Amino acid sequence: MSLVGVTPSTRVLAIETSCDETAAAIIEGGRRIVSSVVATQSDLHARFGGVVPEIASRAHVELVNDVVAQALLEAGMRLRDVDVIAATHGPGLAGALLVGVSAAKALALATGRPYHGVHHHEAHLYAAMLTDATLDPPLITMIVSGGHTLLVAMDDHGRYRVLGRTVDDAAGEAFDKVARLLGLGYPGGPIIDRLASEGDPSAVAFTRPMLDPREPDNLDFSFSGLKTAVVLHRRKYPDVDVADVAASFQACVVDVLATKLLRAARQERMGTVVLGGGVAANSALRARIAADADRASLRAVMPDRALCTDNAAMVGAAAWYRLRFEAPTGLGGGATPNLVLPGTA
Ligand code: KG4
Ligand code: ZN
């Protein structure tokens with residue numbers, strides 16, 4: 001296998017189908033979004049209160065060709081104008097991943113362009129670099145999505161150290177589950193974000209999980225107990241304003257996430273902190289990180305909101321950077337639901 005030899009004019013056509021977003025984008029030179037199209041399936045899953053894997057796979061099959069065509073149309077390009085075809089190949093829902101990987105490999109085969117598989121978390125990590133063109137490692141990044149909560153030291157492109165992770169539920173999962181338990185709908189993150197702005201974040205003093213002062217170096221997370229605490233509180237005080245409960249829950253999650261991100265930067269002596277993943281779109285989290293980073297004289301970079309949740313632009317960026325020093329995956333590559341972040345020490 002040979003290196004592609006990516007250059008600032010190399011164009012990647014990227015596809016993302018790991019969960020319930022069908023997305024395609026064209027990225028040039030790793031940083032420039034030529035086009036980015038996202039078709040969300042959240043309406044299809046809303047009545048079930050969460051993503052139904054089989055429904056997600058079928059919807060991806062129906063949408064993927066149109067989404068790719070739309071990305072090309074918006075870019076004013078044809079297939080032959082792209083140099084590399086990339087797709088998220090894990091982690092994620094097996095059937096959902098397979099749709100994007102198969103579509104990308106078919107396009108690669110038809111065009112003779114190389115196919116490259118991208119790790120979904122590495123993609124989330126590159127979203128901030130599409131927002132801030134001057135951003136480069138070393139940095140500390142926190143990926144907070146529906147499936148994962150990870151604190152990662154990025155020493156260089158492709159070189160990572162996982163510093164902390166959730167021991168149970170992911171942050172986004174906690175938002176979704178709490179919203180469901182409060183009868184607010186799906187997806188829970190944006191709904192709680194909105195509702196919390198009308199509530200009092202100090203109304204309920206939920207215990208901050210994994211912020212034990214006896215463990216000042218701990219960088220792991222736990223959100224499953226918090227979810228139970230919200231349920232128990234609701235049962236005990238059914239008349240309490242739901243906006244107050246939502247705001248208090250959100251304040252608790254934000255407090256834990258911000259504290260650990262800043263702690264990691266301090267421990268690793270890094271000057272830049274970065275957010276990624278759907279929960280990075282949360283207004284309270286963004287405001288808190290901006291304020292904390294300012295106070296600690298750190299640079300904080302947060303992706304534009306549309307780049308926080310699943311999209312293919314971040315996949316194209318991650319592919320371009322990997323292909324600077326790695327051979328493309330090739331047509332033999334499959335989809336891996338529990339893929340490990342490459343380059344982790
Ligand atoms: O990164 P993402 O689109 O998909 C995964 O890779 O999981 O993240 C989706 C998660 C969902 O749990 C959703 O509720 C959460 O991100 N989310 C938010 C917000 N927007 C999306 N959580 C809190 N506040 C938001 N504004
Ligand atoms: Zn994601």
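Student: Which residue in E10 does Val 273 stand opposite?

Tutor: In this predicted model, Val 273 stands opposite Ala 300 in E10. Two strands pair if DSSP finds at least two bridges between them; strand E9 (residues 272-276) and E10 do so in the parallel sense over 3 bridges. Helices (H or I, at least four residues) and strands (E, at least two) are DSSP runs, numbered from the N terminus. Residues are numbered from 1 along each chain as its sequence is written. Local features need pLDDT of at least 70.

Student: In what order do the 5 strands of the open sheet lie?

Tutor: The order is E8-E7-E6-E9-E10, with mixed pairing. Strand E8 (159-165) and strand E10 (299-301) are the edges, each pairing on one side only. From one strand to the next, the twist averages 20 degrees.

Student: How are two packed helices described?

Tutor: The description consists of the angle between their axes and the distance between the axes. Axes are lines fitted to C-alpha atoms, for helices over the stretch in contact (heavy atoms within 4.5 Å), and angles run from 0 to 180 degrees between N-to-C directions. Helix H5 (residues 171-181) and helix H8 (residues 242-268) pack at about 175 degrees, their axes 11 Å apart. H5 is therefore roughly antiparallel to H8 (an angle over 145 degrees).

Student: Which residues make the contact?

Tutor: H5 contributes Ala 171, Ala 174, Phe 175 and Val 178, and H8 contributes Phe 249, Gln 250, Val 253 and Leu 257.

Methods. Chains are lettered from A and ligands numbered from 1 in the order in which they are written. This is a predicted model: local features need pLDDT of at least 70, side-chain atom pairs count only at pLDDT 80 or more; totals for chains, interfaces and linings use all residues. Side-chain values use heavy atoms; hydrogens and water are left out. Angles under 35 degrees count as roughly parallel, over 145 as roughly antiparallel, 65 to 115 as roughly perpendicular and the rest as oblique.
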